[in-house]
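Trainee: Please pick one part of this model and walk me through it closely. I'd like to know what surrounds it, and then what lies elsewhere.

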Amino acid sequence: KEISEIIGAIDNVSKLWLDKKSDIRKEAAEYLPIVTNFSMEMIDLCIEKIMEMFTMENIYKVIREEIGNEVYLDRFQEKRNVNCMTKAYGPGLIFHLFTENIVQLPVVSLVYGLLTKSSAIAKSASSNSVFPVMYAKSFEQIDKDIADSLSIIYFKGGSTELEDIITREADGFILTGSDESINSYVKKLSPDKKILTYPSKFGFGLVGKEKLTKESVEKIAIS
């Protein structure tokens, strides 16, 4: 597919999710608070923010900031100020390992994989197993070929046989989660595999007592 077709499909899926009257959004409202233990307000906020991030305009901005010209993803193009032709290639098949505490993370990982024209096999977290499946399935309404290139699965960590198959067959790896989870894959990978890892991090924020007013509490909680 041309990259413009892929971007158009992602944009249309985002529009589906941004429509609170759509069937997929109604299903999200019914199931995601139960599965994730997040409030409906937090779920709505996560969906709105992540789908706005992947509108057509914003996707083109991201690609052009990263590689200069989206056409590099389709065919060889002359590189400005350099006497050569350049084309961008994705890994082919990417394995995504999702974490459980960031609801919207699967969308980011899957979209960036699609923009490299790579197929995906993804392992969802036990407490965030519904959203990535719903997101991948929503492509069936827009582009069946893209929907068929996305496979979301769940299996218990430490399933050696399955992990061995994945580490052997996948070309690229985007791994998010605990050091233990990430290392269980990394230690099995051959040097030719492309790997991005996002291990656990600790973060904290400080709020001065001067800012703890009734008016500011809601804004602080959201931000």
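Mentor: Let's start with Glu 163, which touches Phe 155, Gly 157, Gly 158, Ser 184, Tyr 185 and Lys 188, leaving aside residues up to four places away in sequence (contact means heavy atoms within 4.5 Å). This is a predicted model, where local features need pLDDT of at least 70 and side-chain atom pairs count only at pLDDT 80 or more, while totals for chains, interfaces and linings use all residues. Residues are numbered from 1 along each chain as its sequence is written, and side-chain values use heavy atoms, without hydrogens and water.

Glu 163 sits in helix α8, residues 160-169 (helices are DSSP runs of H or I, at least four residues, numbered from the N terminus). Its relative accessible area is 4%, so Glu 163 counts as buried (under 20%, with exposed over 50% and partly exposed in between, using a 1.4 Å probe and protein chains only).

Now for the nonpolar cores (sets of buried Ala, Val, Leu, Ile, Met, Phe, Trp, Tyr and Cys joined through side-chain atoms within 4.5 Å). The largest has 40 residues, and Ile 10, Trp 17, Tyr 135 and Phe 139 touch the most other members. Helix α1, residues 3-18, gives the most to this core, with eight residues. Apart from this core lies another, of 10 residues, including Phe 95, Ile 166, Ala 170 and Leu 175.

Back to Trp 17: not counting residues up to four places away in sequence, Trp 17 touches Ile 24, Arg 25, Ala 28, Ile 47, Met 51, Phe 131, Met 134, Tyr 135 and Ser 138.

Key. Helices (H or I, at least four residues) and strands (E, at least two) are DSSP runs, numbered from the N terminus.
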